[in-house]
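Me: I would like a close look at one part of this model, and then at what lies behind it. Please keep it brisk.

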Amino acid sequence: MSRVLIVGAGLTGSLCAHLLKRVRTNQLQIVVWDKARGSGGRMSTSRCPSNPSCTVDLGAQYITVTPDYATKHKSFHDELLARGILAPLTAPVEGMVMTEGSRNFVTPKGVSSIVKHFLKESGAAVFYEHHVTQINLREGKWDVSRKSGSSEQFDVVLLTIPVPQILQLEGDIVNLINENQKQQLEAVSYSSRYALGLFYEAGTQLDVAWAARYITNNPCIRFISIDNKKRNIGSPDVGQSIVVHTSVPFGIEHLESEKEEVQKLILHQLESLMPGLPQPASVKCQKWRYSQVTRPLAECPGQMTLHVKPLLLCGGDGFTHSNFDGCTESALLMMDVLEANL
Ligand code: FAD
């Protein structure tokens, strides 16, 4: 039985786990480690502390399927649609730019339900609060260390974490990445932005005509969504929620600022854009240091093979592009390399 470790329980990691199940399943033990307390990564869904059924998507907002991927990844889209995890986006989004032939989908149960679905289907053993710090080569296996707890040995390691976080790992991995690979990885860049989630008490009315809106003339805010309306859900017992995304220049300018200060600045700008907005029951501020990929790995190969025997691969949106199909493409290409080397 070979042990495979997937580092990262975001979309790419969950898809790798799901796809691995189809590969010599009785010969592989699939383990997933994530440093966070739950799954989703940048496809995360947050709950209101006082009413867990009130949720907000702080990262990815909707899934856009372009015509070429509609064919190429049809089985993934169909599976999620059949299970009600994806549903067509029908609510009005002001300022949305659509490319011809593309379709948009929302996630009624929150965007993390996509990741949770693939993890559950995979049957992988998933461990949270497992922050990988070092990867060393010991007697033909990968010895993987984490921030707390003992290291463990694996036959294959798949890294599905943002590229700058791959470059922060210590141990033998540092010398295994050759100079050319290092240069390529260092050239990958991401935007940074903040997200604010506002949770309301049940019964609070938010009287706006749109479900989401792109903002073009504000120094701080780029996108606002009445999240439950965008996802086409609602119940009298559950409060509404709003998500606000800042612009990238604002995110970069305030990257090292105190979160409380940033939250105040965003709320102040929100009040100017939506005067008279009721007081939320709770607010969550999220910093996305690595938000969306602005420069992927050259030629978008979907993955990079850092070592063959034992196998060490890395992938994710940094190797393609930042959306559902970019992560799917990366996971599929990682599986091709894995199958060829098992
Ligand atoms: P991630 O989701 O980043 O997952 C990586 C995981 O690795 C994380 O869970 C992290 O906790 C974990 N990790 C990191 N380092 C370590 C470590 N050392 N040890 C253990 N675990 C570690 N996409 C769309 O399709 N539509 C959208 O509308 C959209 N909007 C977006 C808006 C925002 C604000 C953001 C931030 C992203 C958006 N995206 C959107 C992009 C999309 O969310 C990402 O492309 C996708 O989620 C990336 O998935 P991933 O699994 O590759 O990486």
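Of the 34 residues around the ligand, which come nearest?

Reply: The model is predicted, so local features need pLDDT of at least 70 and side-chain atom pairs count only at pLDDT 80 or more, while totals for chains, interfaces and linings use all residues. Residues are numbered from 1 along each chain as its sequence is written, and side-chain values use heavy atoms, with hydrogens and water left out.

Start with the ligand. Thr 12, Asp 34, Arg 42, Tyr 62 and Asp 317 come nearest, out of 34 residues around it. A residue is near a molecule if one of its heavy atoms lies within 4 Å of it.

Asp 317 has an N or O atom in its side chain 2.7 Å from an oxygen atom of the ligand. Lys 35 uses its backbone: a polar atom there is 3.0 Å from a nitrogen atom of the ligand. Phe 324 also uses its backbone, with an N or O atom 3.1 Å from a ligand oxygen atom.

Now turn to strand E13, residues 156-159. Strands are DSSP runs of E, at least two residues long, and helices are runs of H or I, at least four long; both are numbered from the N terminus. In a regular strand the side chains alternate between the two faces of the sheet.

What does E13 pair with? Strand E1, residues 2-7, pairs with E13 in the parallel sense over 4 bridges. DSSP must find at least two bridges for two strands to count as paired. Leu 5 has Val 157 in E13 as its bridge partner. E13 is also joined to strand E22, residues 311-315, by 4 bridges, and these two run parallel. Here Leu 158 stands opposite Leu 313.

Leu 158 leads on to the core. It is among the residues with the most contacts inside the largest nonpolar core, along with Leu 11, Leu 20 and Ile 114. That core has 37 residues. A nonpolar core is a set of buried Ala, Val, Leu, Ile, Met, Phe, Trp, Tyr and Cys residues joined through side-chain atoms within 4.5 Å. Helix H11, residues 324-341, gives the largest share, 7 residues. A second, separate core has 28 residues, including Leu 5, Val 7, Trp 33 and Met 304.

Leaving out residues up to four places away in sequence, Leu 20 touches Val 4, Ile 6, Leu 28, Ile 30, Leu 158, Met 335 and Leu 338. Contact means heavy atoms within 4.5 Å.

Ile 114 takes us to helix H4. It is one of the buried residues there, as are Val 115, His 117, Phe 118 and Leu 119. Of the 11 residues of H4 (112-122), 8 are buried, so the helix is largely enclosed by the rest of the structure. Gly 123 follows H4, with a positive phi near 70°.

How values were computed: Buried < 20%, exposed > 50% of the residue type's maximum accessible area, 1.4 Å probe, protein only. Polar contact = N/O pair within 3.5 Å; in protein donor to acceptor, adjacent residues only side chain to side chain.
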